[in-house]
Every structure is written in structure tokens, then in C-alpha cells.
Amino acid sequence: MTNAIEVQNLTKYYGDLLAVDHVDFDVEQGEVFGFLGPNGAGKTTTQRMLTTLLEPTEGRIRILDHDLAHDPIPVKRKMGLVPEESNVYTELTAWENLMFTARLYLVEPGERGPRARDLLETFGLWEKRDVKVEDFSKGMRRRLSIAMAIIHHPTLLFLDEPTPGLDAQSTRTIRSLIRELNAKGVTIFLTTHQIEEANQLCDRVAIINHGQIAAIDTPEQLKAAFRKVQSVEVALEPDGQAHGERLKALPGVTHSVKMGDKWRLYTERPSGLLPELLEYARARDLEVVSLNTLGPSLEDVFLEITGQEIGAVRHETEESQGRRPGARRKKGGRR
Amino acid sequence: MSQGIMGRIRDEVSQAWTVAVKDIKVYYLKPGMIMFGLLMPFFMFFSFSVKREMAAAQGVARLLALTTFFTAASTGPFIIPLERRLGTYDRLLAAPMSLLSLLLGKIAVGAFFAIGVSVVALVVGVGIFGATVVSPGFLVVGIILGSFSFSTLGLIFGSIPTRNPGDVQMPSTLLRWGLLFISGVFVPLAEMGAVARALAYVSPLTYAQDLMNHAVLNAGMLNPWLDLIVLLLGCGVFLIPSLLMHRRSRRLGY
């Protein structure tokens, strides 16, 4: 299979700050490629370099058989971009936004109307086509932003955090669309904090941390490589939540995390921990309400690689809804 | 999608036009545009003209120079930083068009605005105050070239790598006001001293004012063809810093 994206030695400095550190990776044509990383890791910087919005300090990017530095226009014609913020024109209607984009991407005049109508119907915006976008909700703007990114039928689509902050219906619509586009052969480059989203959608994921690719593989292979973050999840009654410290002290438990009314106990040997747990409950006359052994999730892998605390990912995702990624990093540029 | 060099040029012109039409729809009625592009030149005109003895034709020549200058130069510093802040400028930068075409589209927005406002000023001057136009040819070409030249000048400030329109308004306003007082708009070139006149020759507004004086008063000081050539050169020369600053913005991440 040929590559849609080939990145070699990609590097970006903002002054003395090294934001992306000699990164190499390929994205195969037709795959959904997830690009994961904590805030400030270099995700958005990398994506902006891939979409010509930022000039690399060093390195080579080849997209759809064109060198991006020397031949960007043919690449741009085949590329769609959905940035983190829905950059639609709020003073225009949904229809005008789509028509503008279609003209900008040189869609044939006879094609513009039917494509716009098709997209507006797909995204549930047809009834609102003549309404100015300033009256749209966040989810509607997001859907319109995606429609604008695909009206020229790109073969490569970049999506930066497509679903955070959206309602369940919008999120489901967008994820379904990503799957549909990919089924039609569109290569998807998905930058996301949403690890479960990457797990559900991506053929392969790369995890970037401190500007370097820390891991790159299929979600299942990554999980398999991190068996040490297997866990046992247990709910005890009565007063099960008071047992955290004592459960953590059981043989083989590396650390514990409270998950609602349950405790998740991380261990390299779940089979050895189960009898210990049952004995613990029996000795204290506790009822085992539920008991599950869990393989490592992609979130566990992500946290292990990036060295973050359990729970930090969810916290960061919530924070990022009100802040551009890496905005704290430097006044001279965007990370 | 067209092929070949001519096809590519046609595509680029079409895309530049698309950007210009979009900006006209989105920004012409924004308060910032109305304030700096429409009201400001008229305020300036009335501030320095009311209660002073001045023939209608002289007033029209001054007003036309002011409107082309202020209105055209106000759009770039307003629109581009605003679009950078809203993220919509990325949409344009990521589009399959050259940077030159994008900037030409932006220049056209300011130029069309200035031409429109100048036409209104001309209609008022001729229709209500009874001014006459001595040389309609110089007037039309002067308004058009002046509008494009000053819009390109304003684009330089719009190209400063920032997402805050306030960072751009200050230097662009300072320059515009500075040029206004050294360019023979309020003090005619003939009444200036040698140093002031030498300074005036550096300002592109001097040539626009002189050309309007030729067209309306038949009383310019410089050769009108020189005025036209300078305004034409301004369209090209002022574009260079904008292109360079956009490249710098791309390195910095704006």
C-alpha cells in the first residue's frame, strides 16, 4: 500500500523552544491515523506543518506524492482541514459558507449546489441553510465546518479534535461520517485528546510526547505491549470506598484508582490478585458486588507512555475546551 | 479545474475574486470598517475645511484624496488580524491558491470600498456643491490607482504577525495621520518649505492629492503622468513587505 503522508526528520523550533523533535512517520492511503498526545506535546504544531500553515524548521513532508515545500497547491486541492475551532464565517449563512468554499476549491459550478445540498442534508442542516451561522449552536458550527472541509471531495482529511464539547448526537454523527469517508477511501489524520475516540476509529495511532513520537502502532498492538497495566476492578459493600489504601497494599497491586463506586487495582498478574481480593472480602465480611479483570485500555497505554497520572487525560480534555492547545507555551507561536 | 499556465492564472484570479466577494459580504458593514473607512475621511475633511474659505472644487479634490487614502488603507489592518484571531485566515491560507492571489483578493476589498466611497463623495461634490471635473480621465484612473495603491499600503499593516487587531491599528493609524499632514492635503505643496516638500515627495498621498488637483482644479504641481506612475509603482512596491511578513508569519505560526 502506498503512503498518503511521509514525514522525515520533521522539526520545529519556536525560537529556542523545540516543539517537534525530528519526527518520522508514514500514514498509509486509506487508513484512519490517530495522532495522540498531551497538551503541548506537539500535535497541533505537527498538523499545522502537514497542512502548510506552518513552516518546518527542518525535515521533509511528502503528501500524496508531492513534496509539500515545493509543490503545495496540488496537495491542497486534495486535502481537507477541520481545525480545532470551527472557523466558519458567522456573518454568512450555512449555504453561503459552503458556496464560498466550493468556489475557493474550484468545484465546477454545476456541482456546487448539489454537493452543498447533499452535505447539508447529511449533517441535518438543510432546514437551516439560509440562517446566519452566528445563530448556530457549537455542534451545528462543527458540522458545517466539516461539511466545508469535504465539499471538494478531498482524498486526505485532517481533523483536529473534532468532537470535544459536542452533544452526543453531534459526536455520533461526526464519528459515523469519519467512518463513511474512510470507507470511501479517504485517508483520515485525526488529532485528538479523546483516547476512546482514537481507539474506536483509528487503524493506527501515534503517541507524541515532548515533541517526539513515543509509540506508533495499531491500538490493539499497543495495548498488547503494555500488559503490565492490566487491572482488576472491584466493588465492595458495605462502605467499599473506604478500602482504597488497604486494597492498594494487597500483593501485586502497583497502584489503585477510584472509579465511581469501584476500585481499579493495577497489576501485572490479575490471576494472582483475584484470590487475594476474595480472601480480603471474606475476612472482613464484605460482599463482592462486582469483580472484573481488564486488559490495558488505550488510555492506560497513553498514560504509561506520556508519564501522566491516571485521570489526567479526562481533566485535560475538559480544560482544553476552553483553551487552545499549547496556548501557555509561548507567545511567539502556536503549539 | 483548469490546466496549464493560462488555466492556473484563471483559477487564481477566480479564487482572488472569491475571497474579495466574501470579504465584501462579511466585513463592509462591520463597525470598524464604517468607522475607519467611511466616517473617518469625512470627519477629517470637515475638521479641516469647515469655516475656511475654499472653493467647492478645491474641497472635492481634497475629499477625494482623503477618501481613497483613508478608506482603502483601513481594510487590511482591520480584516486580516480579525480573521487571524477567529481562525478563518487559516481557511484561506490552507486553500489551493498562491499567497499572491490571496493578497490580491484582500487588496481588491479595500480598493473597491474606497472607489465606492469616492464615487459617493464625487456625486455629492458635483451634484450638491456644483464642483466641476476638468479632466475626467485622470480622475477615474487616479481614484482607481490610488485606491489599489493605498489598499496595498494598508495590507502591510494587516500582514504584521499578530492576532490582535489592536496591535495593528495603532501603527497604521499613526502612519495614516502622519502622511496626511505631510502630503499637501491640508497645506498645498506650493506653500511648503523645501524640507517639508522633500518629505512630501516620499508620501504616496502627495501624488494622489496632486492628481486630484489636476483632475478637478486643473492646478497640480507635478506632472500628472508622474503621479500616475508613482501610484502604479506603489501597488507593486507595497506588496513586497506584505509577502515577506506573511512568510515570517508562517515561520512563527500565526
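This is a predicted model: local features need pLDDT of at least 70, side-chain atom pairs count only at pLDDT 80 or more; totals for chains, interfaces and linings use all residues.

Analyst: Helix α3 (residues 56-86) and helix α5 (residues 99-127), both of chain B, have axes that come within 8 Å and cross at roughly 155 degrees. Helices are DSSP runs of H or I with at least four residues, strands are runs of E with at least two, and both are numbered from the N terminus. Axes are lines fitted to C-alpha atoms, for helices over the stretch in contact; angles run from 0 to 180 degrees between N-to-C directions. That crossing angle makes α3(B) roughly antiparallel to α5(B). (Under 35 degrees counts as roughly parallel, over 145 as roughly antiparallel, 65 to 115 as roughly perpendicular, and the rest as oblique.)

Residues are numbered from 1 along each chain as its sequence is written, while chains are lettered from A and ligands numbered from 1 in the order in which they are written.

Now the handedness. α3(B) passes α5(B) in a right-handed crossing.

Next, the residues. Where α3(B) contacts α5(B), there are 14 nonpolar, nine polar and one charged residues. Two residues are in contact if their C-beta atoms, placed from the backbone, lie within 7 Å. Ala, Val, Leu, Ile, Met, Phe, Trp, Tyr, Cys and Pro count as nonpolar; Asp, Glu, Lys and Arg as charged; the others, Gly among them, as polar.

Chain B also meets chain A. That contact takes 20 residues from chain B and 25 residues from chain A. The side of chain A that touches chain B has 12 nonpolar, five polar and eight charged residues.

Notes
A crossing is left-handed if the near helix is turned anticlockwise from the far one by less than a right angle, and right-handed if clockwise.
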